[in-house]
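Here is a friendly walk through one protein model, meant to be read with the viewer open. Please have a look at the sequence and the fold before reading on.

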Amino acid sequence: MWGTYSTVDASRLLIADQVGKLHAIDLNTNVISTFLDISSRLVMMGAVGPSSFDERSFLGFAFHPSYATNGLIYTYRSEPVMERQTLQH
């Protein structure tokens, strides 16, 4: 889907995959690893058939401005609607 260099390590390229994985590619060794896996939290793809794709699931990410110190990444994704939970008082 989309990729960019790590803000703390220019030798690592991060690539978002629509099915819910953020892959890290070490540009020095060409080794690919899973940096983040949110596939279990996403809306199932294939709304019009088992091998179809649409504009849902993991669509992008961005580094927090202070990523180097806090490690936070923002993700743009589709998650299933959960039933509203009633809070007990």
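Helices (H or I, at least four residues) and strands (E, at least two) are DSSP runs, numbered from the N terminus. By that rule, Ile 15 lies in strand 2. This is a predicted model, in which local features need pLDDT of at least 70 and side-chain atom pairs count only at pLDDT 80 or more, while totals for chains, interfaces and linings use all residues. Residues are numbered from 1 along each chain as its sequence is written, and side-chain values use heavy atoms, with hydrogens and water left out.

**Confidence and overall make-up**

The predictor's confidence in each residue is given as pLDDT, from 0 to 100. The protein averages a pLDDT of 80, and 75% of the residues score at least 70. Contact here means heavy atoms within 4.5 Å.

The protein has one helix and six strands, and from the N terminus on its elements run β-β-β-β-β-α-β. Among contacts between residues at least 6 apart in sequence, 32% join residues at least 24 apart. Accessible areas come from the Shrake-Rupley method with a 1.4 Å probe, and for residues only the protein chains shown count as cover. The accessible surface of the protein comes to about 6600 Å², with 55% of it belonging to carbon and sulfur atoms. A residue is called buried under 20% relative accessible area, exposed over 50%, and partly exposed in between (1.4 Å probe, protein chains only). Buried residues make up 27% of the 89 residues.

In what order do the four strands of the open sheet lie? The order is 1-2-3-4, with antiparallel pairing. Strand 1 and strand 4 (31-37) are the edge strands, each pairing on one side only. Neighbouring strands of this sheet are turned by 25° against each other on average, direction ignored; the axes behind that angle are lines fitted to C-alpha atoms, for helices over the stretch in contact, and angles run from 0 to 180 degrees between N-to-C directions.

Two strands pair if DSSP finds at least two bridges between them.

| Strand pair | Bridges |
|---|---|
| Strand 1 (residues 2-5) and strand 2 (residues 12-17) | four bridges |
| Strand 2 and strand 3 (residues 21-26) | six bridges |
| Strand 3 and strand 4 | six bridges |
| Strand 5 and strand 6 (residues 73-77) | five bridges |

Strand 1 and strand 2 form a hairpin with six residues between them. Strand 2 and strand 3 also form a hairpin, with three residues between them, and Gly 20 in its turn has a positive phi of about 120°. Arg 12 stands opposite Asp 26 in strand 3.

**Two isoleucines in the sheet**

Ile 15 has Gly 3 standing opposite it. Not counting residues up to four places away in sequence, Ile 15 touches Trp 2, Gly 3, Lys 21, Leu 22, His 23 and Ile 25. Is Ile 15 buried, exposed or partly exposed? Ile 15 is partly exposed, because its relative accessible area is 28%.

Ile 25 lies in strand 3, and its bridge partner in strand 4 is Ile 32. Leaving aside neighbours within four places in sequence, Ile 25 is in contact with Ser 11, Arg 12, Leu 13, Ile 15, Val 31 and Ile 32. Ile 25 and Tyr 5 are 20 residues apart in sequence and 9.4 Å apart in space, C-alpha to C-alpha.

Ser 6 lies in the loop between strand 1 and strand 2 and counts as buried because its relative accessibility is 6%. Beyond four places in sequence, Ser 6 touches Arg 12, Phe 63 and Tyr 67.

Ala 62 stands opposite Tyr 74 in strand 6. Pro 65, in contrast, is exposed, with a relative accessible area of 78%. Pro 65 and Thr 7 are 58 residues apart in sequence and 9.1 Å apart in space, C-alpha to C-alpha.
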